[in-house]
Amino acid sequence: MRQNRVWVPMVVVTLAFLSASCMQLVRQWELDRVMEPVNGQLADHETRIAANTAAVEAFQGDIEELRNQLDRLQQEFGGHVSDDDMHGAGLAVALPVHFDFNSSEVRAVDRPILDAFAAAIQGSFPQAHVTVEGSADPAGSEAYNLSLSRERAESVRDYLVQTAGMNADNIGIAAMGETRLVNEDTGVDDRQNGIENRRATFVVEWAGSGSN
């Protein structure tokens, strides 16, 4: 009897321990079941974050390569490339693309520049939006010069699309008229000088949309 009395408390303790262990296992199983979809969502979220990080890094790499390509054009042909503060995320590109007096025709001497510009865009950042800005000298009325500058921008855009192979959906135009004179010493009757004012410039954007 004494032995039985000794074993009874031990059995009770053992059963209590086993019961507590089973309850703990059940609770852990319930917790795992509840957390399983949550853990899956967290894993998906981490995957998306990693993918977005990789996409941002690739995007920044494309922008850097585009800037390098345009800097090479500047070194080869002249002009300048700078951050475009007016439009936000983009570059203002001024290459020596000029026009004869009272003409909107793309000159043969400027075609290699436009070909190289198109190749730089297509090779490094084909999704970039390019706005071609046409300008005029002060000879003629403001209204006429505004119209002529638009025709010049259209001529350059058409060349970039039809000859250089750029995507027409990614190119817009802007008519600047005589508002951006590089050489302000040329007068309204000066037909021989002022070619610096008869030009096309570019805005290359990678965020937002440009002019149409």
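Author: Two strands count as paired if DSSP finds at least two bridges between them. Strands (E, at least two residues) and helices (H or I, at least four) are DSSP runs, numbered from the N terminus. This is a predicted model, in which local features need pLDDT of at least 70 and side-chain atom pairs count only at pLDDT 80 or more, while totals for chains, interfaces and linings use all residues. Residues are numbered from 1 along each chain as its sequence is written, and side-chain values use heavy atoms, with hydrogens and water left out.

The protein chain has three helices and five strands, and along the sequence they follow the pattern α-β-β-α-β-α-β-β. The five strands make an open sheet of mixed pairing, in the order E1-E2-E5-E3-E4. Strand E1 (80-83) and strand E4 (171-177) are the edges; each has a single partner strand, so one side of each is left without a neighbour in the sheet. On average, neighbouring strands are turned by 20 degrees against each other, direction ignored; the axes are lines fitted to C-alpha atoms, for helices over the stretch in contact, and angles run from 0 to 180 degrees between N-to-C directions.

Now for the pairing around E3. Strands of a sheet pair through backbone hydrogen bonds, either parallel or antiparallel. Strand E3 (residues 129-135) shows both senses: with strand E5 (residues 200-205) the pairing is antiparallel, over six bridges, and with E4 it is parallel, again joined by six bridges. Gly134 lets you follow both sides, standing opposite Ala200 in E5 and having Ala175 as its bridge partner in E4.

Two helices pack on this sheet. Helix H2 (residues 111-124) touches strand E2 (90-94), E3 and E5, and its direction makes about 0 degrees with that of E5; contact here means heavy atoms within 4.5 Å. Helix H3 (residues 142-162) touches E3, E4 and E5, with its direction at about 155 degrees to that of E4.

The expected span of a helix is 1.5 Å times one less than its number of residues; for the 21 residues of H3 that gives 30 Å, and the end C-alpha atoms are 30 Å apart, which agrees. Its buried residues (under 20% relative accessible area; exposed is over 50%, partly exposed in between, with a 1.4 Å probe and protein chains only) include Leu148, Arg152, Val156 and Tyr159. Seen down the axis, the buried residues fall within an arc of 140 degrees, so they line one face of H3; the arc is that of the directions from the helix axis to the C-beta atoms. These buried residues pack against H2, E3, E4 and E5, whereas Ala143 and Gln162, on the other side of H3, are exposed.

In the loop between E4 and E5 you will find Asn197, which is buried with a relative accessible area of 0%. The side chain of Asn197 reaches the backbone nitrogen of Val182 at 2.6 Å.

Definitions and conventions:
Polar contact = N/O pair within 3.5 Å; in protein donor to acceptor, adjacent residues only side chain to side chain.
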